[in-house]
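Please look through the sequence and the three-dimensional model shown here before reading on. The paragraphs below are meant to be read with the model open beside them.

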Amino acid sequence: MLDVQLKSEGLSEATKAVLDLPGLFRRARNSALRSLGYEVKAELQTQARLATKGGYLDWAPLHPRTPIIARARRSAGGLSWARTRWKRGDKAGLVVQRKGTRTEVFSRLVGGIRYQVDDEDGLVAIGFVNPGARVERWLRMHAQGYETRVTPRKRRFLFAIGFPLKKDTTVLRTPARPWVPKVYEHMRSRIHPRFEGQFWNALNRYREGGGGKN
């Protein structure tokens, strides 16, 4: 979860003077907060989709076997499709090497980003659908990178799904892929100017009788 709170010291004197007034000013503040939440959400999604294709996140792409491992874990042992060795042809006796086609990281999370506005506190919370400690812990692990020890059981499991390891492979390394903090750092200098622009635009629109969501 990313909380973006507007600090008054980052705003102009003109904005600070009217920001907490009721009526149209309150509506304009609420509108600007929603616009800001949408912009941060969109930036998180866009940069995640560009991360392995030249974006500023600059992530290593998924290992081609990562989707296969994830699928096998979700199957809860029902690996009827798994075959460890070729039965016939030129490859007879060789281990079946399975690779996935998905290379985007966090592709299952990108579409689940949401934002929520607390107009009373001037706070925009951007997070994921059905967030939990497990998701937050998982994101922190990936932000720093981590190692997975190869136990005999894991070695057998990987072999069974077409991912044989060399005998001297004792750990699997997942590279660091920082996401939420890096996007926030990139956008931090733009947050107050963008909010102020949206605030004054909304206020002028309401003064002229224009509608719009609060």
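This is a predicted model: local features need pLDDT of at least 70, side-chain atom pairs count only at pLDDT 80 or more; totals for chains, interfaces and linings use all residues.

Residues are numbered from 1 along each chain as its sequence is written, and side-chain values use heavy atoms, with hydrogens and water left out.

The chain has seven helices and five strands, where helices (H or I, at least four residues) and strands (E, at least two) are DSSP runs numbered from the N terminus. Read from the N terminus on, the elements follow the order β-α-α-α-α-β-β-α-β-α-β-α. Of the 214 residues, 35% count as buried, where buried means under 20% relative accessible area, exposed over 50% and partly exposed in between, with a 1.4 Å probe and protein chains only. Among the contacts (heavy atoms within 4.5 Å) with a separation of 6 or more, 72% are between residues 24 or more positions apart.

Glu 196 is buried, with a relative accessible area of 15%, and, not counting residues up to four places away in sequence, it touches Leu 11, Ser 12 and Thr 15. With Thr 15 there is also a side-chain polar contact of 2.4 Å; the term stands for a pair of N or O atoms within 3.5 Å, of which, within protein, one must be able to donate a hydrogen and the other to accept it, and residues adjacent in sequence count only if both atoms are side-chain atoms.

Arg 29, in helix α2 (residues 24–50), counts as buried at 8% relative accessibility. Leaving out residues up to four places away in sequence, Arg 29 touches Leu 19, Asp 20, Asp 119, Glu 120, Phe 195 and Phe 199.

The structure holds seven aromatic pairs, a pair being rings of Phe, Tyr and Trp (its six-membered ring) whose centres lie within 6.5 Å, with planes under 30 degrees apart counted as stacked, over 60 as edge-to-face and the rest as tilted. One of them, Phe 106 with Trp 138, is edge-to-face, at 5.2 Å centre to centre and 65 degrees between the planes. This pair links distant parts of the chain, since Phe 106 is in the loop between α3 (66–74) and α4 (107–110) and Trp 138 is in helix α5, 32 residues apart. Phe 106 counts as buried at 6% relative accessibility, whereas Trp 138 is partly exposed at 35%.

Most residues other than glycine have a negative phi. Phe 106, however, has a positive phi near 60 degrees, and Asp 58 has a positive phi near 55 degrees. Asp 58 lies in the loop between α2 and α3 and counts as exposed at 62% relative accessibility.
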